[in-house]
Amino acid sequence: MDIAPTNRIAFQGELGAYSHAACEQARPGMEPLPCRTFEDVIEAMRNGRADLAMLPVENSTYGRVADIHHLLPESGLHILDEAFVRVRIALMGLPGSRIEDIRHVRAHLVLIPQARGFLTRHGITAEAAADSAGAAADLARTRIPGEGVMASEIAAGIHGLEVLARDIEDHHHNTTRFLIMGRQADMTRRSDRMLTTFVFRVRNIPAALYKAMGGFATNGVNMTKLESYMVDGNFTATQFYADIEGHPDDQNVRLALEELEWFTSYLNILGTYPADPSRLNQRAG
């Protein structure tokens, strides 16, 4: 079935969320489509409400994003690009307010410890909210004096709040990696530095994982990520998620994947895509 293009990119969260900021950064010409859950993002792709999906997969401070590794292989979507977005925390309040007027802030739970130094210096208490962009919307509606929100700067513009301070996080390296997903795979070599992402399950034989990984070592393929997770809550069924440098048409990558297939019962290439130029600038959180 042909699906008409919409020029929309779907993301999980409300308008003003960090995933929305990622859409604006990576695909500024597309209309962002907010979705309640990751499953809703995938469904928006399936039913044609969006052309692309922006999904977070890992954060330099908090590690991998829960549930994403389970959803990606079953989504039917393909990775087209990656994007790194630094988490910049802004303090915002009602128009006309000043930093010294703010006595209490609301923000997503993970943002509060990241700005602990700023909050302590200014004597501001903090309360966890389900969503920072949602907290901004709440403040715009309730207009409670002395209350502020910590969120992405884009949330202030959307909800008519005033940015009182920018980049208030204690450490300026917190970065989230996003994957841009599409319905159709693009296996063309669009860069000199390509990445390939795949998931696999090893056969039930001794040292299967060790043997499966051997092909990457002997063929000089750099594996930048290898993570394991249970399948369907079964302790004996383990699936692996991997990122490697290179394109499947590269001889060393082709040989490594051929050797991998000998020791796997399931192999699914999720995408081959250019490495984001900022990848080299990333550091562990």
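A: Ala-207 has a relative accessibility of 46% and therefore counts as partly exposed, since buried means under 20% relative accessible area, exposed means over 50%, and partly exposed covers what lies in between, with a 1.4 Å probe and protein chains only. The model is predicted, with local features needing a pLDDT of at least 70 and side-chain atom pairs counting only at pLDDT 80 or more, whereas totals for chains, interfaces and linings use all residues. Residues are numbered from 1 along each chain as its sequence is written, and side-chain values use heavy atoms, with hydrogens and water left out.

Q: Where is Ala-207 found, and what is its phi?
A: Ala-207 sits in the loop between β12 and α7 (208-218), where helices (H or I, at least four residues) and strands (E, at least two) are DSSP runs numbered from the N terminus. Its phi is positive, about 60°, although Ala-207 is not a glycine.

Q: Why does Arg-143 count as partly exposed, and what is its phi?
A: Its relative accessibility is 45%, which is why Arg-143 is placed in the partly exposed class. Arg-143 belongs to the loop between α5 and β9 (147-151), and its phi, near 50°, is again a positive value in a residue other than glycine.

Q: Why does Gly-63 count as partly exposed, and how many residues separate Gly-63 from Ala-207 in sequence?
A: Gly-63, which lies in strand β4, has a relative accessibility of 31% and therefore falls in the partly exposed class. In sequence Gly-63 and Ala-207 are 144 residues apart, and in space their C-alpha atoms are 27 Å apart.

Q: Which residues of helix α2 are buried, and why are they said to line one face of the helix?
A: In α2 (residues 38-46) the buried residues are Phe-38, Val-41, Ile-42, Ala-44 and Met-45. Seen down the axis, they fall within an arc of 155°, so they line one face of α2; the arc is that of the directions from the helix axis to the C-beta atoms. These residues pack against β1 (8-12), β2 (31-35), β3 (52-59), α3 (68-75) and β11 (175-182). After α2 comes Gly-48, with a positive phi near 85°.

Q: Which residues of α7 are buried, and why do they line one face of the helix?
A: The buried residues of α7 are Ala-208, Ala-212, Met-213, Gly-215 and Phe-216. Because they fall within an arc of 135° when seen down the axis of α7, they line one face of the helix. Tyr-210, Ala-217 and Thr-218 are the exposed residues carried on the face turned away from that buried side.

Q: What makes a set of residues a nonpolar core, and how many residues does the largest one have?
A: A nonpolar core is a set of buried Ala, Val, Leu, Ile, Met, Phe, Trp, Tyr and Cys residues joined through side-chain atoms within 4.5 Å. The largest has 27 residues, and those with the most contacts inside it are Ala-10, Leu-55, Ile-68, Leu-72, Leu-179, Met-181 and Tyr-241. Two or more residues each come from β2, α2, β3, α3, β11, β12 (194-202) and β15 (264-274), and α2 gives the most, with 5 residues. A second, separate core of 17 residues includes Ile-89, Val-105, Met-150 and Ile-168.

Q: Which residues does Leu-72 touch?
A: With contact meaning heavy atoms within 4.5 Å, and residues up to four places away in sequence not counted, Leu-72 touches Leu-55, Val-57, Leu-179, Met-181, Tyr-241 and Leu-270.

Q: How many residues of the lining of the largest pocket are nonpolar, polar and charged?
A: The lining has 15 nonpolar, 10 polar and 4 charged residues, where Ala, Val, Leu, Ile, Met, Phe, Trp, Tyr, Cys and Pro count as nonpolar, Asp, Glu, Lys and Arg as charged, and the others, Gly among them, as polar.
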